[in-house]
Amino acid sequence: MKDGVLRKHKLVHLKDLTVNENLLRGRFPKACATTRCKGDCCKTGVWVDFLERDRILANADLIRNHMEAGQEQNPDLWFDPEITVHSDFPSGQAAGTQVYNDGCVFLTSAGRCVLQTAGQNHSVGLKPFYCFAFPVTVEEGQLMMDEGFSGDCCTLTPDGELEAIDVCAGELGFVLGEEGLKELRQMAKTRLEQTPEPEST
């Protein structure tokens with residue numbers, strides 16, 4: 001580990017994964033817990049790897065069985081037809097989910113992900129990587145906290161009492177694996193030790 005680069009992580013398509021300072025130094029309010037998520041971050045749709053999209057479409061019947069009557073049932077309308085080339089995704093390609101009824105097409109009226117529910121009930125991996133990882137994300141090969149969302153729980157706060165790495169330990173473990181998370185914690189500890197003490201007044 002050096003120069004803010006992780007090398008023990010499990011994202012094999014990103015050999016040298018750099019770490020943004022907002023993750024190393026980021027803080028959350030004391031009451032924050034990602035387990036209280038209301039799904040607000042899903043309302044604009046999400047990006048999925050091309051292979052994740054194909055797996056979802058291959059399980060369309062299973063997914064529809066878990067949808068509410070008011071959700072879009074036609075798989076042809078679940079994804080944006082335009083494919084984006086992007087190195088942050090394992091296949092190098094990504095597609096966006098469509099927005100339906102003011103939310104991701106897979107979001108129920110209760111703010112729950114149909115892909116997660118269907119996958120858990122039938123032991124099929126359907127929920128996309130970046131959905132599991134949020135508010136942790138990877139942009140241009142850099143691991144960071146997603147600051148493009150202003151929800152009550154997933155917004156960094158300069159004077160927060162909780163460290164982002166601790167609040168999002170589950171998400172970071174999912175993204176990096178055990179060894180990667182350990183390396184990240186050591187990196188954060190080193191950064192803290194290098195931070196000068198504030199001058200007394």
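**Strand pairing and aromatic contacts**

What we have here is a predicted model, in which local features need pLDDT of at least 70 and side-chain atom pairs count only at pLDDT 80 or more, while totals for chains, interfaces and linings use all residues. Residues are numbered from 1 along each chain as its sequence is written, and side-chain values use heavy atoms, with hydrogens and water left out.

Strand E8 (residues 142-145) runs antiparallel to E7, and four bridges join them; two strands pair if DSSP finds at least two bridges between them. Both belong to an open sheet of four strands in the order E1-E2-E8-E7, with mixed pairing, whose edge strands, E1 (5-6) and E7 (136-139), each pair on one side only.

Turning to the rings, Phe, Tyr and Trp (its six-membered ring) pair if their centres lie within 6.5 Å, and planes under 30 degrees apart count as stacked, over 60 as edge-to-face and the rest as tilted. The count by this rule is six aromatic pairs. For phenylalanine 79 and phenylalanine 106, the centres are 5.9 Å apart and the planes at 55°, so this pair is tilted. Both of these phenylalanines are buried, meaning under 20% relative accessible area with a 1.4 Å probe, protein chains only.

Elsewhere, ring pairs link Phe89, Phe129, Tyr130, Phe132 and Phe174 into a cluster.

Key. Buried < 20%, exposed > 50% of the residue type's maximum accessible area, 1.4 Å probe, protein only. Helix = DSSP H or I, 4+ residues; strand = E, 2+ residues; numbered from the N terminus.
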